[in-house]
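Thanks for asking me to look this one over. My notes follow as numbered points, so please keep the model open beside them.

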Amino acid sequence: MSVQAETFAINAERLKQRLEALARIGKIGETGVCRLALSPEDRAGVELVRGWMEEAGLQTRIDHFGNLIGRLPGTEADQPLLMLGSHIDSQPYGGRFDGAIGVLGALEVAQTIKEQGIVPKRTIEVAAFCDEEGCRFQKGLFGARGILGQLEPGELERTDKNGVTRRQALLEFGCDPERLEESRYPEGSIGAYLELHIEQGPILDKSGEPIGIVTGISGPLWWTVEMEGFAGHAGSVPMHMRHDALLGAAKVIVALNDIARSEPGAPTVGTVGHLEIFPDSRNIIPERVRFTVDLRDIDLERRNRREKELREAIERAANECGLKYAITEDTNSEPRYCAEWIKAIMREESSRLGVNPPELMSGPFHDALALSYACDYGMIFVRCRDGISHNPREFASYEDIALGTELLYRTALRIANREA
């Protein structure tokens, strides 16, 4: 790796220093990060990255969706642009590399092109998309979907746990929710999208490979489920007379786990990551429980079968416990596959670098999922130690990140100079 690094066009040390500087904003513990979307920490991160973009010679703006965009104009302004990017918002208990390497790697690519005196045919834009994670308002990919006109009714009125609406948060961030249309990209204006990201899984780490070429992104199905029973004294209501909403939710959680495991070897995954109990007292039978469901699979037909089974399990649990229930669909996306021609370029450039990256699917979604509905896309994965992510223990080596960024640079340069 050290021999290869000597031939890199990108500045690996500069990239490392920027990643470390960004990680200090919203730092928790020794290695964790909490930069929730549209928070003061998020704004500080955006301003830091914007300063680096301007230092690199890019034209910058923060649009009304909260996206930070850096622009390197090309010689053929009428050609659809090449967009590179990711996000810098994090989970409440997140790591330093999720999203950040994609934004700062993309910036390094644009800055290297600029420093080498290369003027690409196609305009290149570097994007730090707002609220990819979706943990604050329970709806992710906000900025990436926003620029493509993919927002759903009521998204600005979604609230965080403190009752702050997304509309309020955008205003506090310096955006104008009444002017979102001004930040929309015309159809066909984005020609291709590239994203560098840590794998967030164990495949590369287990195989000893520093980087991988992504073949596609699994389709996430997100629900909010509410089960309602009847509160009563925990010491006096006989067990057979109870309408315990938490018991019903527990049955569903167990069923989801069983359903996701029902086909050995399949990549189906199911998670309940958030749960609220009312009235939340140790000696009151829970009357109402609200919880989230995250169900994913790369095979849409198989995911649809698992969804049907889960709906049946919820109905069964409600009947057994004497409950009412409601399911709200928050996100429903089909699997989206990377463009073959972009993967071919990545393979060729990898060979020139002396590496042979494996090709693998992405279970997590990324901003690329939203962009896939507007243009061809490609992704590069960087291995993360033990596959740990959304956790302060998340780690990727700077050597691997530099290699991934060099491949991103070489791929971007070929696409930016590619004939339409």
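1. Which residues in α9 are buried? They are R302, R303, R306, E307, L310, A313, I314, A317, A318 and C321. Buried here means under 20% relative accessible area, exposed means over 50%, and partly exposed is in between (1.4 Å probe, protein chains only). Seen down the axis of α9, these buried residues fall within an arc of 145°, so they line one face of the helix; the arc is that of the directions from the helix axis to the C-beta atoms. On the other side of α9, E301, K308 and N319 are exposed.

2. A word on the ground rules. This is a predicted model, in which local features need pLDDT of at least 70 and side-chain atom pairs count only at pLDDT 80 or more, while totals for chains, interfaces and linings use all residues. Residues are numbered from 1 along each chain as its sequence is written, and side-chain values use heavy atoms, with hydrogens and water left out. Helices (H or I, at least four residues) and strands (E, at least two) are DSSP runs, numbered from the N terminus.

3. Back to α9, which covers residues 300–321. At 1.5 Å a residue, its 22 residues should span 32 Å, and the end C-alpha atoms are 31 Å apart, which agrees. The expected span is 1.5 Å times one less than the number of residues in the helix. The buried residues of α9 pack against β9, α8, β12 (288–297) and β13 (324–332), where contact means heavy atoms within 4.5 Å.

4. Please look next at the charged side chains of α9. E309 forms a salt bridge with R306, with the closest N and O atoms 3.0 Å apart. (A salt bridge is a side-chain nitrogen of Lys or Arg within 4 Å of a carboxyl oxygen of Asp or Glu.) The two residues sit three apart in the helix, about one turn. R306 is buried, with a relative accessible area of 6%, while E309 counts as partly exposed because its relative accessibility is 27%. Salt bridges that share partners join E263, D297, R302, R305, R306 and E309 into one network.

5. P220 and S333 are 113 residues apart in sequence, yet 5.5 Å apart in space, C-alpha to C-alpha. Leaving aside neighbours within four places in sequence, the contacts of P220 include R303, S333 and F365.

6. Helix α3 (residues 40–55) can be checked in a similar way. Its 16 residues should span 22 Å at 1.5 Å a residue, and its end C-alpha atoms are 23 Å apart, which agrees. D42, G45, V46, V49, W52 and M53 are buried in α3. Seen down the axis, the buried residues of α3 fall within an arc of 125°, so they line one face of the helix. P40 and E55, on the other side, are exposed. Among the elements covering the buried residues of α3 are α2 (12–23), α4 (100–115) and α6 (166–173). Just after α3, G57 takes a positive phi of about 90°.

7. How many salt bridges does the structure hold? There are 37. Side chains of opposite charge can pair when their charged atoms come close. R43 and E47 meet at 2.6 Å, N to O; both lie in helix α3, four residues apart, about one turn of the helix. R71 and E125 also meet in a salt bridge (2.6 Å, N to O). This pair links distant parts of the chain, with R71 in strand β4 and E125 in strand β6, 54 residues apart. R71 counts as partly exposed at 28% relative accessibility, whereas E125 is buried at 1%.

8. Last, T215, which lies in strand β8 (residues 211–217). Is T215 buried or exposed? At 16% relative accessibility, T215 counts as buried. Leaving aside neighbours within four places in sequence, T215 is in contact with Y337, C338, K343, E359, L360 and M361.
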